[in-house]
Amino acid sequence: MAEPRGGATRRAAILRAAAELFAARGFRGVSIEELGRAVGTSGPALYRHFPGKEALLAAILVDISERLLREGAARVAAHPDPADALDALLRGHIAFALDEPEFITVHDRELHNVPPEPQRRVRRLQRGYVEQWVAVLARLRPDTPEPVLRAALHAMFGLLNSTPHSAGELGRDQMADLLFAMARAALLAPVRAADRHGPDGAGAHVWPPGSGAAGTANG
């Protein structure tokens with residue numbers, strides 16, 4: 001049975017407040033009483049929603065992973081052109097990274113504190129999210145092997161998910177545009193690497209392979 005709308009809103013407020021506290025002070029540094037006060041209730045009252053802190057932490061990370069996967073699928077479905085789909089995915093993830101950086105911090109620092117089964121679920125959801133991007137990028141770079149696409153995307157996520165450290169330097173919109181330009185260029189521009197087997201260290205295309213793919217980004 002679906003949770004009543006008011007209950008879903010309450011749950012979301014608890015998850016957001018808990019994520020902010022865990023990001024600021026660490027999972028072990030926040031008591032259940034402090035979590036309760038942050039959402040205007042008592043610590044024991046939180047047990048009506050979650051059986052304990054570990055379950056609350058797991059819910060935070062499962063919830064955000066499900067949301068990213070769901071919203072990513074919607075963006076891809078709404079943009080049949082792969083270049084447009086990539087732009088929509090980038091804008092969506094950048095908005096998340098700038099507006100909700102506490103979830104990134106909690107994931108990076110606290111995933112190991114999540115019980116094994118929900119931890120596996122988080123990782124499955126995240127793999128599904130990455131594969132959405134791989135499928136889109138593969139249409140723009142059809143000659144590039146999927147492992148290379150996947151590695152490039154993981155590196156790109158490292159850039160976008162740097163916002164807990166980098167976002168304070170610029171205004172929100174300016175930072176969003178900067179991240180978009182950098183991430184898109186990283187995924188679509190050709191890169192040359194030194195050919196270790198060449199006599200003079202001449203560059204060889206490694207991303208994307210071949211000379212004809214670079215123009216695809218403008219399609």
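Trainee: Is Leu 86 buried or exposed, and why?

Mentor: Burial is judged by relative accessible area: under 20% is buried, over 50% is exposed, and values in between are partly exposed, with a 1.4 Å probe and protein chains only. Leu 86 counts as buried because its relative accessibility is 0%. The model is predicted, so that local features need pLDDT of at least 70 and side-chain atom pairs count only at pLDDT 80 or more, while totals for chains, interfaces and linings use all residues. Residues are numbered from 1 along each chain as its sequence is written, and side-chain values use heavy atoms, with hydrogens and water left out.

Trainee: Which residues are in contact with Leu 86, leaving aside its neighbours within four places in sequence?

Mentor: Contact means heavy atoms within 4.5 Å. By that rule Leu 86 is in contact with Trp 133, Val 136, Leu 137, Leu 140, Leu 187 and Leu 188. For the protein chain, 67% of the contacts with a separation of 6 or more are accounted for by residues 24 or more positions apart.

Trainee: In which helix does Leu 86 lie, and how many helices and strands does the protein chain have?

Mentor: Helices (H or I, at least four residues) and strands (E, at least two) are DSSP runs, numbered from the N terminus. Leu 86 lies in helix H5, residues 82-99. The protein chain has ten helices and two strands, and from the N terminus on their order is α-α-α-α-α-α-α-α-α-α-β-β.

Trainee: How does Ala 38 read by these rules, buried or partly exposed?

Mentor: Ala 38 counts as partly exposed because its relative accessibility is 45%. Its place is in helix H2, residues 32-38. Not counting residues up to four places away in sequence, Ala 38 touches Ala 17 and Leu 21. The C-alpha atoms of Ala 38 and Ala 17 are separated by 6.4 Å, and the two residues are 21 residues apart along the chain. Of the 219 residues of the protein chain, 41% count as buried.

Trainee: How is a pair of aromatic rings described?

Mentor: Such a pair is described by the distance of the centres and the angle of the planes. Rings of Phe, Tyr and Trp (its six-membered ring) pair if their centres lie within 6.5 Å; planes under 30 degrees apart count as stacked, over 60 as edge-to-face and the rest as tilted. By this rule there are four aromatic pairs. Phe 22 and Phe 27 form an edge-to-face pair, with 5.3 Å centre to centre and 65° between the planes. Both Phe 22 and Phe 27 are buried. Tyr 129, Trp 133 and Phe 157 form one aromatic cluster.

Trainee: Which charged ends sit over the rings of Phe 27 and Phe 180?

Mentor: A charge sits over a ring if NZ of Lys or CZ of Arg is within 6 Å of the ring centre and within 35 degrees of the ring normal. Over Phe 27 sits the charged end of Lys 53, 4.5 Å from the ring centre. Over Phe 180 sits the charged end of Arg 91, 3.8 Å from the ring centre.

Trainee: How many salt bridges does the structure hold?

Mentor: A salt bridge is a side-chain nitrogen of Lys or Arg within 4 Å of a carboxyl oxygen of Asp or Glu. The structure holds 18 salt bridges. In one of them, the side chains of Arg 75 and Glu 71 meet at 3.9 Å, N to O. These two residues are separated by about one helical turn because they are four residues apart in helix H4, residues 53-78. Arg 75 and Glu 71 also belong to a network of salt bridges that includes Arg 16, Glu 20, Arg 67, Glu 100 and Glu 102.

Trainee: Which parts of the chain does the pair of Glu 131 and Arg 150 link?

Mentor: Glu 131 forms a salt bridge with Arg 150, with the closest N and O atoms 2.7 Å apart. The pair links distant parts of the chain, Glu 131 being in helix H7 (residues 116-140) and Arg 150 in helix H8 (residues 146-160), 19 residues apart. Glu 131 is partly exposed, with a relative accessible area of 33%.
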